[in-house]
Amino acid sequence: MNGKIVRNEQISAGHFLLRVKLAESFKTPMPGQFVMMRDPGRIDPLLGRPFGVYGFERSQEEVTVEILYKVVGKGTLLLSKLREGDFVVVLGPYGRAFDTHPEAGKVVFICGGIGVAPITYLAEHYRSLTAARDAELICYYGASKAENLVGIKELKRICGRVITSTDDGSHGFQGLITERFSADISLYDTGSSKIYACGPRSMLKELSELMAGSSVFCQILMEERMACGVGACLGCTVLLKDGGGRGERARVCVDGPVFDIGDIHWG
Amino acid sequence: MKNAGPEMQVDIGGLIIKNPVLTASGTFGYGSEYVPYLDITRLGAIIAKGVSLEPRAGNKPPRIMETPCGMLNAIGLENPGVHVFIKEKLPFLRQFSVPVIANVFGETIDDFKRVTELLSESKGVDGLEINISCPNVKKGGTIFGSDPDMALAVTREVKRLTDLPVIIKLTPNVTDICLIAETVEEGGADAVSLINTLTGMSVDIERRIPHLANVTGGLSGPAVKPIALRMVWQVAKRVKIPVIGIGGIMNASDALEFLIVGARAVQIGTANFINPSATTDIIDGIEDYLKRHNIDDINDLIGTFDEEGKAC
Ligand SMILES: Cc1cc2nc3c(=O)[nH]c(=O)nc-3n(C[C@H](O)[C@H](O)[C@H](O)COP(=O)(O)OP(=O)(O)OC[C@H]3O[C@@H](n4cnc5c(N)ncnc54)[C@H](O)[C@@H]3O)c2cc1C
Ligand SMILES: Cc1cc2nc3c(=O)[nH]c(=O)nc-3n(C[C@H](O)[C@H](O)[C@H](O)COP(=O)(O)O)c2cc1C
Ligand code: FES
């Protein structure tokens, strides 16, 4: 459907917050689901671009979706040039959502770079899910440098603890966020801990090595290039380990983008 | 009772369909994927994702890459094999009152024959589209579509084994597509469809590696439309059997161009990806055009191209 941009603002170098007003019929996205977005006035770029949902509001007056995005190429650069009042096509919500656990004790979020976007929406969901209890929400957030820790204020509002790392040491631990997380990993070795992660493939792969053999619940959000977003083109497949339960290959757009970390074959 | 709209029914080689808009193989899955997004019973017919005798895992990722006004794909015909197709995919499609055409792929003539037999016996499909034109697989694929002798042999063998209408899908990656079209007509094809994708590639200059794991892929989308249209026009003049136009059709205007130059029907591929209801939007747009031009029957429009522009 067509959505109208109500905000498209640079919040730090190369990172934008986009807010789009949608028709009432747009379904409320579950955390981990994504939308396909494109400029209806163009056939170049041709395909929609997938973005995780960062925020969503449904009130009496309006329905709006929020996307937090990083400019990495042609599509995102053109998106950043759109202005308030311009239209974008928003399809979705698509994909398999994160499984959530109202009874969770410690909920751990691990994000790298722009992976913070879908994680923030999930954390927000968990905060309301566990509002009545003293569940602990802890976030590990890594980026290249301090100014790229976008949306950190929002995360601090939602999570009890936010632990950061940067490649250059300009904020928090110097090094990879998976290194920082591995120092604490024994704290979460219980059945009541739930771990969620989103970030670059290298980060997720390292996390999978840290979690190998562990029985702690751990789900990740994977990214792949997409064309259709609905499972028809088979363009977005990832390899599963034997016994992944869904056959040898899975489509990130419909069988994912959320996967149990142990199911992925990293190749 | 008939509604007041123009007649949209066409005959594509013995298969009568209620309008000339079909889904292109590989871009509409097995139908179920798009059910939430459009009324699939409005389609002229559904052409399912290509099916082979044995299951195929397809190519390694990355399998797709966007290029200006188009995309490259190298899926490699991932599919669960004809047995699973018949048992698990067809029953779902059969629930809807819309004709189903299976798209058949083989690495050898025997593969084509066996899949044809199994699909015919299954009684679950209304027609066969024989894919002798897939550019993304190492064996089979375009070999059958670029060698006239092979194209003739596949067509004859398949026709011998089935009473279903047989559409031969042609590759544009040849010197003279008309020659192949004439050859398969001679072999008994009931219709031809064209074009499959054009072989292309794209390079990541930072890393000096191909963007697709398969190195080359098939180009589709608006970028290929002028070429597809030219080929459909040429082939429609050379063969008597119906021609089904495919390639970069994004809207009703694009579809009408193909019909005017002689296509009996059109297939919609990449457009489904960016607009899940592209097919039904195109059906509506063609109807509007016919009304606007006071044409009662779409067959009175097909092939009415005025090449020399005498009407001006
Ligand atoms: C489920 C999902 C959720 C996502 N959520 C977000 C989000 O919340 N915020 C955000 O900024 N980005 C998100 N992405 C990534 C986003 O889709 C890509 O950054 C975008 O498609 C790039 O388009 P482009 O035209 O600017 O880049 P291109 O010019 O197409 O490519 C530039 C670079 O980005 C890489 N790239 C292209 N497409 C993707 C893709 N689908 N996933 C990952 N990398 C890609 C390319 O390999 C290349 O290195 C998500 C992707 C998926 C699959
Ligand atoms: C992702 C993808 C998968 C495809 N798979 C098949 C296939 O299995 N069999 C086939 O005959 N053609 C296949 N095709 C080709 C299309 O059916 C069509 O001929 C081509 O894409 C050109 O049309 P378009 O520009 O409208 O997409 C595929 C195309 C795409 C983009
Ligand atoms: S993007 Fe088409 S199958 Fe996933």
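Biologist: What makes Glu157(B) partly exposed?

Modeller: Its relative accessible area is 23%. Buried means under 20%, exposed means over 50%, and partly exposed is in between, with a 1.4 Å probe and protein chains only. Glu157(B) at 23% falls in between, so partly exposed is the label. Do keep in mind that this is a predicted model, in which local features need pLDDT of at least 70, side-chain atom pairs count only at pLDDT 80 or more, and totals for chains, interfaces and linings use all residues. Residues are numbered from 1 along each chain as its sequence is written, chains are lettered from A and ligands numbered from 1 in the order in which they are written, and side-chain values use heavy atoms, with hydrogens and water left out.

Biologist: How do you know that Glu157(B) forms a salt bridge with Lys113(B)?

Modeller: The closest N and O atoms of the two are 3.6 Å apart. A salt bridge is a side-chain nitrogen of Lys or Arg within 4 Å of a carboxyl oxygen of Asp or Glu, so the pair at 3.6 Å qualifies. Glu157(B) lies in helix α4 (residues 148–161) of chain B and Lys113(B) in helix α2 (residues 109–122) of chain B, so the pair ties together parts that are 44 residues apart in sequence. Helices are DSSP runs of H or I with at least four residues, strands are runs of E with at least two, and both are numbered from the N terminus. Lys113(B) is partly exposed as well, at 22%.

Biologist: Which residue forms a salt bridge with Glu66(B)?

Modeller: That is Arg49(A), with the closest N and O atoms 3.0 Å apart. This pair crosses between chains, from strand β5 (residues 64–67) of chain B to strand β4 (residues 49–52) of chain A. Glu66(B) has a relative accessible area of 15% and is therefore buried, while Arg49(A), at 23%, is partly exposed.

Biologist: Is Asp204(B) buried or exposed?

Modeller: Buried, because its relative accessible area is 12%. Its salt bridge partner Arg207(B), with closest N and O atoms 3.2 Å away, counts as exposed at 59%. Elsewhere, salt bridges that share partners join Glu124(A), Arg127(A), Glu154(A) and Arg157(A) into one network. The whole structure has 27 salt bridges over all chains.

Biologist: Why is Val82(B) called buried?

Modeller: Its relative accessible area is 0%, so the buried label applies. Val82(B) sits in helix α1 (residues 82–94) of chain B. Beyond its neighbours within four places in sequence, Val82(B) has contacts (heavy atoms within 4.5 Å) that include Val51(B), Val115(B) and Leu118(B). Leu118(B) is 36 residues away in sequence, yet the C-alpha atoms are 7.7 Å apart.

Biologist: What makes a nonpolar core, and which residues touch the most other members of the largest one?

Modeller: A core is a set of buried Ala, Val, Leu, Ile, Met, Phe, Trp, Tyr and Cys residues joined through side-chain atoms within 4.5 Å. The largest has 138 residues, and those touching the most other members include Ile110(A), Leu119(B) and Leu170(B). Helix α9 (residues 278–292) of chain B gives the most to this core, with six residues. Domain 1 (2–94) and domain 2 (106–223) of chain A, with bounds from an automatic or database domain assignment, both give residues to this core, so it lies between them.
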